[in-house]
Amino acid sequence: MAKASDVKSGNVLRFNGELIQVEEFLHRTPGNLRAFYQAKMRNVKTGKLVEYRFRTDEEVTICRVETNDYQYLYEDGDFLVVMDISSFEQFNIPRTLFGESVKFLKEGMNVIIAFESEEPIMAQIPSHVELEITYTEPAVKGDTSTNALKYATVETGVEIKVPMFINQGDKVKVDTRTGDYIERVK
């Protein structure tokens, strides 16, 4: 157990039986009242934002979280199998931890996973990935007078919008957070 004064932004706490990550932690001393800590925290599993005031001497449980690089191997139902790069140990990670960006994940890609006492709590893929265009309509001459976009399917099966000059077989860089086209890779 630690005191509230030991908590810093980014720490993961066990709070009311839930795992939460501290996003903002401010020390307040209002006038002639007692000092307190104002915290904005996000529930790790649900993503819900919680605000709470800690007394300065209040005891909190700071969780020990280990973050490491893993290699994505394959999909197994609702789980994704990843391998520790150094020990070659394999883990089943729930698909939901990756969020919406899981649709850009391809085999062999490196991912970051955070564990809290053998339980995976957070998973993240790189913010930008390079994918090959597997299908797109050819551009019609005259359509390129403005920055027009067309739909293209990438190798993971996701449909994204790309500029007219992108052809089938080209490699493109995609932002995994928004699904937007960034640039063509040579």
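**Aromatic pairs, salt bridges and a buried glutamine**

User: How many aromatic pairs does the count come to?

Analyst: The count comes to 8 aromatic pairs in this structure, which is a predicted model.

User: Why is the pair of Phe15 and Tyr52 called edge-to-face?

Analyst: The ring centres of Phe15 and Tyr52 lie 4.8 Å apart, with 65° between the planes. Centres within 6.5 Å make a pair, and planes over 60 degrees apart count as edge-to-face; the pair of Phe15 and Tyr52 is therefore edge-to-face. This pair links distant parts of the chain, since Phe15 belongs to strand β2 (residues 12-15) and Tyr52 to strand β5, 37 residues apart.

User: What makes Phe15 buried, and what makes Tyr52 partly exposed?

Analyst: The relative accessible area of Phe15 is 15%. The limit for buried is under 20%, so Phe15 is buried. Tyr52 has a relative accessible area of 30%; partly exposed covers values between that limit and the exposed range of over 50%, so Tyr52 is partly exposed.

User: Why is the pair of Phe25 and Tyr37 called stacked?

Analyst: The ring centres of Phe25 and Tyr37 are 5.0 Å apart and their planes stand at 15°. Planes under 30 degrees apart count as stacked, so this pair is stacked. Phe25 lies in strand β3 (residues 18-28) and Tyr37 in strand β4, so the pair ties together parts that are 12 residues apart in sequence. Both Phe25 and Tyr37 are buried.

User: Which residues do ring pairs link into a cluster?

Analyst: The cluster consists of Phe15, Phe25, Tyr37, Tyr52 and Phe54.

User: How do you know that Gln38 is buried?

Analyst: Gln38, found in strand β4 (residues 36-43), has a relative accessibility of 17%. The cut-off for buried is under 20%, so Gln38 counts as buried. The side chain of Gln38 makes polar contacts with the side chains of Glu51 (3.4 Å) and Arg53 (3.1 Å). Both distances fall within the 3.5 Å required of a polar contact.

User: How do you know that β4 and strand β5 pair?

Analyst: At least two bridges are needed for strands to pair, and β4 and β5 (residues 49-55) have 7, in the antiparallel sense. Arg42 has Leu49 in β5 as its bridge partner. The two strands form a hairpin with 5 residues between them, and Gly47 in the turn has a positive phi of about 85°.

User: What makes the contact of Glu23 and Arg42 a salt bridge?

Analyst: The N to O distance between the side chains of Glu23 and Arg42 is 2.7 Å. A salt bridge requires a separation within 4 Å, so Glu23 and Arg42 qualify. Glu23 in strand β3 and Arg42 in strand β4 are 19 residues apart. The structure holds 12 salt bridges. Another of them joins Glu119 and Lys45 at 2.8 Å, N to O; Glu119 is in strand β11 (residues 119-124) and Lys45 in the loop between β4 and β5, 74 residues apart.

User: Why is Lys45 called exposed?

Analyst: Lys45 has 60% relative accessibility. Exposed means over 50%, so Lys45 counts as exposed. Glu119, at 29%, is partly exposed.

Methods
Residues numbered from 1 in each chain as written. Predicted model: local features only at pLDDT ≥ 70, side-chain atom pairs only at ≥ 80, totals over all residues. Heavy atoms only, no water. Helix = DSSP H or I, 4+ residues; strand = E, 2+ residues; numbered from the N terminus. Buried < 20%, exposed > 50% of the residue type's maximum accessible area, 1.4 Å probe, protein only. Polar contact = N/O pair within 3.5 Å; in protein donor to acceptor, adjacent residues only side chain to side chain. Phe/Tyr/Trp six-rings, centres within 6.5 Å; stacked < 30°, edge-to-face > 60°.
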